[in-house]
Amino acid sequence: MNFHVMTLFPDMVRAGLSESIIGRAAEKGLLSVEAYNIRDFAFNKHNKVDDYTYGGGAGMLMQAEPVYRCYEDILRRIAVRRNKEDVSGVRVVYMTPQGKLFDQDIASEFAKEEDLILLCGHYEGIDERVLEEIVTDSVSVGDYVLTGGEIPAMAVVDAVSRLVPGVLHNGDSSETESFSDGLLEYPQYSRPEVWHDRKVPSVLLSGDHAAVDRWRHEQALLRTKERRPDLYEAYCLKHD
Ligand code: ADE
């Protein structure tokens with residue numbers, strides 16, 4: 001899986017994704033994350049990529065042409081790697097609070113792609129015309145406004161990467177945890193058995209695997225009902 005992030009702050013993206021599980025997966029060649037500086041595709045001598053908005057109003061807008069040139073450069077690289085001229089099907093994900101709310105289902109869908117281009121906005125946004133021309137998916141990471149799309153893009157790369165085969169060592173740990181079956185994950189405990197007078201639930205020490213599974217499922221249901229009634233309702237509808 002190859003991620004291509006179009007941004008004005010490539011170092012931010014590289015720093016955020018070069019360590020831990022994603023960094024190790026990249027070192028192993030299971031995935032790649034390339035950050036492209038849109039400023040490198042400016043077409044004026046000052047490397048300016050923003051301008052005032054037509055119609056007035058506060059703030060600056062990212063111009064269409066540098067974004068488009070950056071996109072073309074990424075497509076060219078993908079075409080070379082694939083040894084194919086037509087790479088028109090590559091998805092371009094624009095990070096915006098106006099997008100579809102990112103969730104585990106979208107992450108699973110993106111994980112099927114060989115290449116994914118992520119576009120990060122800044123300032124007051126990006127000229128609509130280039131968005132119309134290249135964007136296939138608009139994604140939001142929540143109903144709040146961040147200063148740019150870099151942190152959302154990193155969240156998407158992280159959530160998608162851990163679904164790529166081999167990235168998580170334990171083959172099924174991305175299956176059992178929160179959201180994979182529509183429920184939040186049950187609580188977990190490690191040593192010691194008693195900490196600050198709090199005991200590990202005795203069923204977990206019983207060695208009775210069926211009882212442990214039952215308890216965990218109950219806890220997942222209770223927790224989801226209490227913390228995410230929306231998910232609980234959807235789960236109940238699906239499972240009668
Ligand atoms: N850019 C700014 N805020 C954002 C958000 N909530 N989701 C995605 N991209 C964004």
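**Briefing: ligand surroundings, helix contact and loop geometry**

A backbone N or O atom of glycine 142 sits 3.1 Å from a nitrogen atom of the ligand. Please keep in mind as you read on that this model is predicted.

**Around the ligand**
- Tyrosine 144 places a backbone N or O atom 2.8 Å from a nitrogen atom of the ligand.
- For valine 141, the distance from a backbone N or O atom to a nitrogen atom of the ligand is 3.0 Å.
- Valine 141, glycine 142 and tyrosine 144 belong to the set of residues around the ligand, which also includes Val139, Ser140, Val145, Leu146 and Gly148.
- Met95, Thr96, Pro97 and Pro152 are also among the residues around the ligand.

**Domains**
- The protein chain is assigned a domain 1 covering 2-161 and a domain 2 covering 178-238.
- Taken over C-alpha atoms, the centres of domain 1 and domain 2 are 37 Å apart.

**Helices H1 and H6**
- Helix H1 spans residues 10-17 and helix H6 spans residues 150-161; their axes come within 10 Å and cross at roughly 35 degrees.
- The crossing of H1 and H6 is right-handed.
- On the H1 side, the residues that meet H6 are Met12, Val13, Gly16 and Leu17.
- H6 contributes Glu150, Ile151, Met154 and Val157 to this meeting with H1.
- Sorted by class, the contact of H1 with H6 has six nonpolar residues, one polar residue and one charged residue.

**Loop geometry**
- The peptide bond leading from arginine 191 to proline 192 is cis, and its omega is near 5 degrees.
- Proline 192 falls in the loop that runs between helix H7 (173-176) and strand S8 (194-195).
- Histidine 196 is a residue other than glycine with a positive phi, near 50 degrees.
- The loop holding histidine 196 lies between S8 and strand S9 (198-199).

Notes: Residues are numbered from 1 along each chain as its sequence is written. This is a predicted model: local features need pLDDT of at least 70, side-chain atom pairs count only at pLDDT 80 or more; totals for chains, interfaces and linings use all residues. Side-chain values use heavy atoms; hydrogens and water are left out. Axes are lines fitted to C-alpha atoms, for helices over the stretch in contact, and angles run from 0 to 180 degrees between N-to-C directions. Helices (H or I, at least four residues) and strands (E, at least two) are DSSP runs, numbered from the N terminus. A crossing is left-handed if the near helix is turned anticlockwise from the far one by less than a right angle, and right-handed if clockwise. Contact means heavy atoms within 4.5 Å. Ala, Val, Leu, Ile, Met, Phe, Trp, Tyr, Cys and Pro count as nonpolar, Asp, Glu, Lys and Arg as charged, and the others, Gly among them, as polar. Domain bounds come from an automatic or database domain assignment. A residue is near a molecule or strand if one of its heavy atoms lies within 4 Å of it. A polar contact is a pair of N or O atoms within 3.5 Å; within protein, one must be able to donate a hydrogen and the other to accept it, and residues adjacent in sequence count only if both atoms are side-chain atoms.
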